[in-house]
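Here are my notes on the model, point by point. Please read them with the structure open.

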Amino acid sequence: MKFIKALSLSKSRERKILSRLGLILRYVVLIAISFVFLFPLLKMLSLSFMTVEDVIAPDVMWVPSVFSLNNFRVSILVMDYWQVLFNSFWVSALFAVLQTAVSALTGYAFARYDFRFKKTLFVLLIVSFILPVQLLTAAHQIIFSSLGDILGMSFYGTLYPQISMALLGQGINSAILIIIFQSFFKKIPKDLYEAANIDGANTMQVFWHITVKISLTIILVVFLFSFVWNWNEDFVTNVFLSGGVDLLTGKLNSFETLFGNQAGGSDRISEAYESAATLLSILPLLVIYLFTQRKFVQGIESVGVTGQ
Amino acid sequence: MKKTLTRGWDAMASLYDRIRKSSVWKRMRGLFSRNKPGKRDNPTTPYVLMLPWLIGLVIFVIIPVGMIFFMSFHDVLKTPQGFSFDFVSFENFLFAFTNPIFYQSLLSYVNMLFVYIPVILIMSFLIALLLNNDFKFRTTFRVIFFLPVVLLSNATLNNISTTSGENNAFLNIENTFIFSMIDAYVPFMADFLSGMFGVLIVILWFTGVPIVLYINGLKKIDQSIYEAAKIDGGNAWQILWLIIIPNIKSTALVIAIFSVVQVGIFNTNPLYGLLQEQIMMTATNLGIAATYALLYTIVTLLFIMLLIFILRDKDIVVMARKEYNRTRELYEKQKKHSEEAADEVY
């Protein structure tokens, strides 16, 4: 009897140790992976504080011997940082507001109503997401150029092409935004709409007073996504906006040439400046993300609902 | 002068009248007008709600796709009178396939898809499995793994590839003993491995959204299935292969397609620079840009079809067919029954 008891005790202890080991292993693996994830950011951070001597020195790997803010100072000067930051902010916010509003309406129509061609249109929505931006932009080029000729003005270097695309629901990743809205709006109980209908509310009143007011958080999430994507986008922006409003992404892309004119250093040295500049350009996003990370994850989770 | 002015005014007025009387306008106003209590929405309401998107779909997606097909068979040149289109049949395609810069980039694009997509699918699945259970600091890890979604841009990717490139001690595997051994015996394997490690960080930065989608898919699997499997004596390995993977396949398909799109819109794509250059040079033949873009799209779509073929849910089709047969049987039985009943009545 005693023997059996001891045996079972040792077994349970064994199991405990095993599960503890599993947990430790899990932490080790996760920490290793997160290090790989954060590696570029950490490298960027350490490089951007380094002086020229530290960058060249072979024995300085991570921690600079002197923390210098010189790189940041130079990048702020070269990029005309504050002005460009302000531009990036209002342009991204404008596109994001337009995209969010149109996506909400479209998502609402898909979620609430049953109509002819609903499936076809939904397939077209997904197709419009899959078709590469490069394909569509080649044709947009002709459309906007000819339209400019007809109206006697040039659309290049202005915000109009992108504004019109955002307004007509074809901005960057608009399809995903529509799908996020659609999957969230589908969860709103139909009884609420019925009740509003009985009380004599019209379509826009129903949309505003029920759908929008219930889903304020998801609207914020979509706005944030749209804002971030517009901030980082630079393919369409390069085609239509180059020479117009200076944005951070454009400035960063031309940073190397800009920098070559102003200082003319070797490859390794300009790496430090570039790191500082990149860090400066993603800093606003980083701050936004740290404050709203829960909402971001939540938003992506609701995409998965339609994933099935 | 005055006559033309009034005529112009008349035309404007009639246009305004026509717009006011048109059905679309009425429907638009209908959205804001008061409903009679209990009245249902008009069947055209959804179309009016999605009108901006529909117009955008036609102008910015459907027409452009048609235009690209048209342009790829033409020499498109910008003249002072607008664009001129000269029919050249397949010359643009011939040019594309004889231009080594293009077809080599296309090949390396395909190569990239075959490396990136499976690695993204597998890595994000493993990370999602690790993150699925509850444990301390879970949210912290999630915040870290989701960070790239916010920061992913050409600038950051550029910076990653320059700072964590070959001259980096952390990923310098080429000097390790095992690697040189592999290199000596199986050179192509060594090439593959060094390529993998070189781009591992970049690939990992694409796994942010896939991880969350996988976690979401894992949560949707019914917990009682796990319990049933455990009671039947299934171990973790069997649960993974027989329960989790078949159930997660549809999520994996969504993730795969999403990743194909994501990988394509950044400059990790070997074709990115070439296409951008061609599209931005309106002075030269835009027909070639269209041809490049068309070929690129066709390759992408073929790859997506391959993904659908691999990851499609066979079970769903089988189940649907079974269900269909069963309902048909039941229906026929019922019909027979009711006919018999009807016969009895007469």
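How many salt bridges does the structure hold over all chains? The count is two. Keep in mind that this is a predicted model.

1. Chain A salt bridge. A:K118 and A:D114 pair through their side chains, with an N to O distance of 3.4 Å. A:D114 is exposed, at 72% relative accessibility. A:K118 is partly exposed, with a relative accessible area of 21%.

2. Chain B salt bridge. Here the side chains of B:R328 and B:E332 meet, at 3.9 Å from N to O. Both residues sit in helix α16 of chain B; they are four residues apart, so about one helical turn separates them. B:R328 is partly exposed, with a relative accessible area of 44%. B:E332 is also partly exposed, at 44% relative accessibility.

3. Negative patch. B:E339, B:E340, B:D343 and B:E344 form a patch of negative charge on the surface. Take B:D343 as one of its members. Helix α16 of chain B, residues 314-345, contains B:D343. B:D343 has a relative accessible area of 57%, so B:D343 counts as exposed.

4. Is A:Y81 buried or exposed? A:Y81 is buried, because its relative accessible area is 4%, under the 20% cut-off. A:Y81 belongs to helix α4 of chain A, residues 81-112. Leaving out residues up to four places away in sequence, A:Y81 touches A:I76, A:L248, A:L280 and A:P284.

5. Which C-alpha separation goes with A:Y81 and A:S281? The value is 8.6 Å, although the two residues are 200 residues apart along the chain.

Terms used
Residues numbered from 1 in each chain as written. Chains lettered and ligands numbered in written order. Predicted model: local features only at pLDDT ≥ 70, side-chain atom pairs only at ≥ 80, totals over all residues. Heavy atoms only, no water. Patch = residues over 30% accessible without salt bridge, like charges linked within 9 Å, V, L, I, M, F, W, Y side chains within 5 Å. Areas by Shrake-Rupley, 256 points an atom, 1.4 Å probe, with all protein chains shown as cover. Salt bridge = Lys/Arg side-chain N within 4 Å of Asp/Glu carboxyl O. Lys, Arg positive; Asp, Glu negative; His and termini not counted. Charge placed at Lys NZ, Arg CZ, Asp CG, Glu CD. Helix = DSSP H or I, 4+ residues; strand = E, 2+ residues; numbered from the N terminus. Buried < 20%, exposed > 50% of the residue type's maximum accessible area, 1.4 Å probe, protein only. Contact = heavy atoms within 4.5 Å.
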